Amino acid sequence: LNSRNSREIKDGMKRIIAIMSSGDGSMDVESYFADVIKNIISNDMKIKILVCIYLLRFAEKDPNLALLSINSLQKTISDGDPEVRALSIKALSDIKIPSLYPIVLHTLKKVVADTSATVRNEVSFALLKLYVAKAEEMEDDIVHILQDLLADADPMVLSSAILVLKECFPDKLEWLHGHFRYYCKIMPNLDSWAQSYLITLLLSYCKVYIPRPTIVDASGTEDSQNTMQMPEKCNEIRFPVYDVINDGDLALFLACLERLVFRSNPAVILSASNAFFQLATPMQFKKSRFPEAIIRVCSLSSNRGLLHMVFQSVLLFSSVDPTLFLPYMKKFFILPSDDTTIACLKLKILSTMVNESNIKSVVKEFKYYISYQRAPTVSIAAANALAVCARLSPGWESNIMKWFISHMENSKLSKELLGSYINVIRVLA
C-alpha cells in the first residue's frame, strides 16, 4: 500500500477488499485505514474506486481520520475524467458524517453545471442522500439545485432528478410548470423507473391544473344539454354514444402514454394504464390497447407480488366498466399455480364480467371451484362470486339457490364453508 508502483498498490487494495468481502476476522483491515486513504490521490482510476469502497465501509467508525481524505476527494472533483469526478461526488455523499454535509452541499453547487451528464446524474443522487440525512436544515439549498436538474436536457440526468422529486417533494407539482410538454416529449427516452415516477407526477399535475375533458352527445337526439364535463366516475357518463374533446396538454399526455403500451417494464404499463384510465373515458381506454398490455403482463410474469398489483388494478377497472376485459375472460380462470390471494382476486374479477352471454360458463367454473378447491378461502370466495351471478335474473337466482341447498345436503362441508352457504342462501332468499 505504501509502494510507488501502482500495480503493487492495486494488488494490495484488492487483497484488502477481498478480506472485507469474505468476512474473515483473522485480519484487522481497519488498521490499514491511513495507508489506504492516502492512495485516493493515485492517478489509477481502479485504485481510486477500491479506496472509495474501503472508505465507505469504515468512515463512520473513524470520522476524524476519514475527514483527512476529504481534501483529496475535493481535489479530484476537478479531474479531467468525468468518471473520476462522479466517483468523488458519490464517495463524498456516501460518507455519513454530519459535519461533512455542508462541504458536500457546497461541492454540489459547484458541479451541478458540470459538462458531463454522468456527473450531474450523480449530483441528483447526492441530493437525495442529503435530504434523507438533513432534510430541514438544507432543504432550501437542495430545492435550488434540484430545480436546475429538473430543467436538464439529458434524459439520464432528468431520470434521476425526477426520482428525487418523487421521493422528496411529491406535492410540489408547480415545479412542473414550463416543463410539462417537454417531459411528455422526452418520456420515452427516460429510464423505465423514472417513466413510472413521472407518469404518477404528471397524472397529479393534470388533475390539478388541466381542465377535464368535455363529453359531447353523439347519439343524434334533440337535447339542449348535449355536453357535459367528464365526471369523476367514468360510468356516470349519461350519453350512450359520445365524442370527447380534450385540452391540448391533456391530449399530448394521453398520446405520450399510448406510446408506452409496448414497454417491457410492468411498472410502466401499470402506471400508464392507471393514468390513462383516470384521465380518459372507457371508450378511449379500450382503443388504447392498455387492456391487452395488462393481460400480457399477467401472462408473462410469475412474480406474485406483481400479479397481486395487476389483478387489483384489473378489478378496479372492471368494476367501473365490465366490458374492458371481457374478451380476455378466460385469462382469469383459476390455475393450479395461483396462490389464495390471486385466486380470490380472479373470482372477484370474473363476477364483475358476468352477463347473459357468458353466465353459463362462469357459473360452471364457480361450481367447480366450490366443489373441488382445496383451499377453504377460495371455495368461500367462489360461493360469494356465485351469489353475485344470481343477481343477474330471477331464473338464475332460483337455479343457484337450489344448487346451494342440494350441495349443502349431499356434501360434507367444513364449518367455514357451511357458514358461507347459509349466508349466501340468506341473502338470496
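Predicted model: local features only at pLDDT ≥ 70, side-chain atom pairs only at ≥ 80, totals over all residues.
1. **α12 against α13.** Helix α12 covers residues 192-209, and helix α13 covers residues 248-258. Their axes come within 11 Å and cross at roughly 155°. Angles over 145 degrees count as roughly antiparallel, so α12 and α13 are roughly antiparallel to each other. The crossing of α12 past α13 is left-handed. On the α12 side, the contact is made by I199, L202, L203 and C206. On the α13 side, L250, F253 and L257 make it. By class, the residues of this contact of α12 with α13 are seven nonpolar, no polar and no charged.

2. **α19 against α20.** Helix α19 runs over residues 359-372. Its axis comes within 8 Å of that of α20, and the two cross at roughly 155°. That angle makes α19 roughly antiparallel to α20. α19 passes α20 in a left-handed crossing. From α19, the residues that meet α20 are I359, V362, V363, F366, K367, Y369 and I370. They face S379, A382, A383, A385, L386 and C389 in α20. The contact of α19 with α20 divides into 11 nonpolar residues, one polar and one charged.

3. **α20 against α22.** How do α20 and α22 run relative to each other, parallel or antiparallel? Helix α20 spans residues 376-389, and helix α22 spans residues 415-428. They pack at an angle of about 10°, with their axes 9 Å apart. Angles under 35 degrees count as roughly parallel, so α20 and α22 are roughly parallel to each other. α20 brings S379, I380, A383, N384 and A387 to the contact. α22 brings E416, L417, S420, Y421, V424 and L428. By class, the contact of α20 with α22 has seven nonpolar, three polar and one charged residues. Note that S379 and A383 are listed both in the contact of α19 with α20 and in that of α20 with α22.

4. **L428.** This residue is found in helix α22. L428 has a relative accessible area of 10%. The cut-off for buried is under 20%, so L428 is buried. Leaving out residues up to four places away in sequence, L428 touches A387, A390, E397, I400 and M401. A387 is also among the α20 residues in the contact with α22. For a sense of distance, take L252: L428 and L252 are 176 residues apart in sequence and 49 Å apart in space, C-alpha to C-alpha.

5. **S351.** Look at helix α18, residues 340-353, which holds S351. Is S351 buried or exposed? At 14% relative accessibility, S351 counts as buried. A polar atom of the S351 side chain lies 2.6 Å from the backbone oxygen of K348. Beyond residues up to four places away in sequence, S351 touches F366, A385 and V388. F366 of α19 and A385 of α20 also take part in the contact between those two helices.

6. **T107.** Helix α7 contains T107. T107 has a relative accessibility of 3%, so it counts as buried. Which residues does T107 touch, not counting those up to four places away in sequence? They are Q74, I77 and L92.

7. **T118.** This threonine lies in helix α8, residues 117-133. T118 is partly exposed, with a relative accessible area of 27%. Leaving aside neighbours within four places in sequence, T118 is in contact with E83, A86 and M156. The C-alpha atoms of T118 and A86 are separated by 6.5 Å, while the two residues are 32 residues apart along the chain.

8. **P98.** Check the loop between α6 (82-94) and α7 (101-111), where P98 sits. P98 is partly exposed, with a relative accessible area of 48%. P98 and A133 are 35 residues apart along the chain. Their C-alpha atoms are separated by 8.2 Å.

9. **R289.** One backbone angle deserves a look. R289 is not a glycine, yet it has a positive phi of about 70°. Most residues other than glycine have a negative phi. R289 is placed in the loop between α15 (282-287) and α16 (290-300). Its relative accessible area is 44%, so R289 is partly exposed.

Key
Residues numbered from 1 in each chain as written. Heavy atoms only, no water. Axes fitted to C-alpha atoms, helices over the stretch in contact; angles between N-to-C directions. Helix = DSSP H or I, 4+ residues; strand = E, 2+ residues; numbered from the N terminus. Parallel < 35°, antiparallel > 145°, perpendicular 65-115°, else oblique. Left-handed = near helix turned anticlockwise from the far one by under 90°. Contact = heavy atoms within 4.5 Å. Nonpolar A, V, L, I, M, F, W, Y, C, P; charged D, E, K, R; others polar. Buried < 20%, exposed > 50% of the residue type's maximum accessible area, 1.4 Å probe, protein only. Polar contact = N/O pair within 3.5 Å; in protein donor to acceptor, adjacent residues only side chain to side chain.
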